[in-house]
Amino acid sequence: MAYDEGLAERIRQYLGADPGVTEKRMFGGIAFLYEGNMAVGVTGDDLMVRVCPGAADGALARPGARVFDMTGRPMRGWVVVAGSAVTEDEALGAWIDEGRAFAAGLPPK
């Protein structure tokens, strides 16, 4: 499965040269990990975001967000955001910040 290279590049630019960030191919797309924990990624034309499970309902209420479900079993603490909902840099940055903040709170791998 191909993924939106333009969206991936926008994420790279937003994250800059943060030494804690690495990239890894996952889920048929690309993931951006912070200290070894996935923060955000791109699958198809959409953005995947790791969120605090307790904040998932609030995240799902935001425009373009839906449950991350690749296997018929929703993944707790993950949302998928339609690419059309992150065309503005401010919206994309808010999601990246949320994913990175959650990953930063986990023990490094």
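Leu15, Val21, Phe32, Leu33, Tyr34, Ala39, Val40, Ile96 and Arg100 line the largest cavity of this predicted model. A cavity here is a set of points on a 1 Å grid over the protein atoms alone where a 1.4 Å probe fits but cannot get out, and lining residues have an atom within 4 Å of a point. Strand S2 (29-34), strand S3 (37-43) and helix H3 (89-104) are the elements that each give two or more residues to this lining, and S2 provides the largest share, with three. Helices (H or I, at least four residues) and strands (E, at least two) are DSSP runs, numbered from the N terminus. By class, eight of the lining residues are nonpolar, none is polar and one is charged; Ala, Val, Leu, Ile, Met, Phe, Trp, Tyr, Cys and Pro count as nonpolar, Asp, Glu, Lys and Arg as charged, and the others, Gly among them, as polar. The volume comes to about 40 Å³, taken as the space filled by probe spheres set on points joined across faces, edges and corners. The structure has one cavity of 30 Å³ or more.

A word on the ground rules: residues are numbered from 1 along each chain as its sequence is written. Local features need pLDDT of at least 70 and side-chain atom pairs count only at pLDDT 80 or more, while totals for chains, interfaces and linings use all residues, and side-chain values use heavy atoms, with hydrogens and water left out.

Next comes helix H1 (residues 5-15), where Leu7, Ala8, Ile11 and Leu15 are buried (under 20% relative accessible area, with exposed over 50% and partly exposed in between; 1.4 Å probe, protein chains only). These four sit on the same side of H1, because they cover an arc of only 100 degrees around the axis, judged from the directions from the helix axis to the C-beta atoms. The buried residues of H1 pack against strand S1 (21-26), S2, S3, strand S4 (46-50) and H3. At the start of H1, a side-chain oxygen of Asp4 comes within 2.9 Å of the backbone nitrogen of Gly6. Just after H1, Gly16 has a positive phi of about 60 degrees.

Over in strand S4 there is Asp46, buried at a relative accessible area of 16%. Among the residues that Asp46 touches are Leu7, Gly41 and Arg66, where contact means heavy atoms within 4.5 Å. With the side chain of Arg66, the Asp46 side chain makes a polar contact (2.8 Å), that is, a pair of N or O atoms within 3.5 Å, one able to donate a hydrogen and the other to accept it, with residues adjacent in sequence counting only if both atoms are side-chain atoms.

Key. On a 1 Å grid over the protein atoms alone, a cavity is a set of points where a 1.4 Å probe fits but cannot get out, and a pocket is an open set with protein on both sides within 12 Å along at least five of seven lines; lining residues have an atom within 4 Å of a point. Lists of a residue's contacts leave out its neighbours within four places in sequence.
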